[in-house]
Amino acid sequence: MTDPAPEPPIRRATHGEDADNDALRARVEALEREVEDLRAENDELVNRYVEVESLVSKLSSLFVASVRLQDAVGREAVFDALRDILVNILGVAAYVVYELAEGPQQLAPVASLEAGASATRPIAIGEGIEGTVAVSGKRFVADMPDPWAGPPPGQPVACIALTAAGRPLGVLSIGKLLGHKPGLLAHDLDVLDFLGAHAGPALFRATHPATEDGGER
Amino acid sequence: MRKKILLVDDSLTALMIEQTMLSRGPYDLIVARDGQEAVERAVAERPDLILMDVVMPRMDGFEACKTLRSRDDTRAIPIILVTTRGEADSVEEGFESGCSDYITKPIDSLELLSKLANFLGH
């Protein structure tokens, strides 16, 4: 058996090599800091992109809703546009549009989707959530601690007044959202407010074509 | 390089929303209003991707998807179905009809752009 070859002696770095190593180490650390900074900047840009894209999306929704209502000529066209907006922009599965009936103070259902018996039952002014919203003009949104469970029994998901020139014309009551949509988000409420202010005048113009001012200016 | 996308929906609102979302990207957009027209336009225009609603008159999205998959000239086109129903059975029916992916209404622009990037490589 032969003895193992002796390990080469560890050579001490010369003073010049130490300096080179220190410089390289410093350079590596500087580059690592630069990478970290770039990563943080990238994250910020991604967040900003998501923010801007969401804002653009929200504005696009309002723009499209506005165009659809403005272009609707005739009551049926207004109701079609409203249904299209509710389903495609808000993800609504069931709703009823009530109009303030002339004569007896009640809300008469005039358009609906998947609303069952609610689609035919008039509501007295001041009765229930719809009747209250018609009087107050204030938006109602159900408190849903578990959004997937939907609103409490007997309550709509949301209800808004449809107005023209400050006068109540009726209400829009949303009974159910599409199954995969957990609830109304902040920008959905903006769309709802927009509908409250613009669907009313569109309906007024369609109902009274000879009248110049539907109330919206 | 610009890509051609065929948007299919009988809802004017849905089409306008999709057009607004995609018009800022490198896409040329063409439109069909039902499944039958979608098949005709896909054969004539050979889009790079089809974004198609499910519930439509004349021919629904599932049927159009099956027809497009049965033709040699349109078989390879990625199809994203747009559905109002995100439930498992509806999604399964979509994949059985041959769709490449699906997205639910109301469309989330970031989700749509991300899916397009997956298929079109942007």
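Student: Which elements of chain A each supply at least two residues of the lining of the largest pocket?

Tutor: In this predicted model, each of α2 (75-90), β1 (92-100) and β6 (167-177) of chain A supplies at least two residues of that lining. The largest share, five residues, comes from α2(A).

Student: What is the volume of the largest pocket, and which residues are the closest to its centre?

Tutor: The volume of the largest pocket is about 650 Å³. Of the 26 residues that line the pocket, those closest to its centre are Val87(A), Val92(A), Leu113(A), Val55(B) and Thr84(B). By class, the lining divides into nine nonpolar, four polar and 13 charged residues.

Student: How should I read the second largest pocket, and how much space lies in it?

Tutor: About 480 Å³ of space lies in the second largest pocket, and of the 25 residues that line it, the closest to its centre are Leu185(A), His187(A), Pro106(B), Ile107(B) and Asp108(B). The elements that give two or more residues to this lining are α1 (15-71), α2 and α4 (186-207) of chain A, together with α1 (12-22) and α5 of chain B. The largest share of the lining, five residues, is given by α1(A), while the classes divide into nine nonpolar, 10 polar and six charged residues.

Student: At what angle do α1(A) and α1(B) pack?

Tutor: The helices α1(A) and α1(B) pack at an angle of about 140 degrees, their axes being 10 Å apart, and the crossing of α1(A) and α1(B) is right-handed. On the side of α1(A), the contact is made by Ser57(A), Ser60(A), Ser61(A), Val64(A), Val67(A) and Arg68(A), and on the side of α1(B) by Leu12(B), Thr13(B), Met16(B), Ile17(B), Thr20(B) and Met21(B). Sorted by class, the contact of α1(A) with α1(B) has six nonpolar, five polar and one charged residues.

Student: Turning to the sheets, how do strands pair?

Tutor: In general, the strands of a sheet pair through backbone hydrogen bonds, and the pairing is either parallel or antiparallel. In chain A, an open sheet of six strands with antiparallel pairing has the order β3-β2-β1-β6-β5-β4. Its edge strands are β3 (123-124) and β4 (140-141) of chain A, each of which pairs on one side only.

Student: How many bridges join β1(A) to β6(A)?

Tutor: Seven bridges join β1(A) to β6(A), and these two strands run antiparallel. To follow the pairing at the level of residues, look at Val97(A), which stands opposite Leu172(A) in β6(A).

Student: How many bridges join β3 of chain B to β4(B)?

Tutor: Strand β3 (residues 49-53) of chain B is joined to β4(B) by four bridges, and the two run parallel; Met52(B), for example, has Leu81(B) as its bridge partner in β4(B).

Student: How many cavities of 30 Å³ or more does the structure hold?

Tutor: The structure holds three such cavities, and about 40 Å³ of space lies in the largest cavity. Among the residues that line the largest cavity are Phe62(B), Leu81(B), Val91(B) and Tyr102(B), and the largest share of this lining, four residues, comes from α4(B). The lining of the largest cavity divides into six nonpolar, three polar and no charged residues.

Conventions
Residues numbered from 1 in each chain as written. Chains lettered and ligands numbered in written order. Predicted model: local features only at pLDDT ≥ 70, side-chain atom pairs only at ≥ 80, totals over all residues. Heavy atoms only, no water. 1 Å grid on protein atoms, 1.4 Å probe; cavity = no way out; pocket = protein on both sides within 12 Å on 5 of 7 lines; lining within 4 Å. Points joined across faces, edges and corners; volume = space filled by probe spheres on them. Nonpolar A, V, L, I, M, F, W, Y, C, P; charged D, E, K, R; others polar. Pairing = 2+ DSSP bridges. Axes fitted to C-alpha atoms, helices over the stretch in contact; angles between N-to-C directions. Left-handed = near helix turned anticlockwise from the far one by under 90°. Contact = heavy atoms within 4.5 Å.
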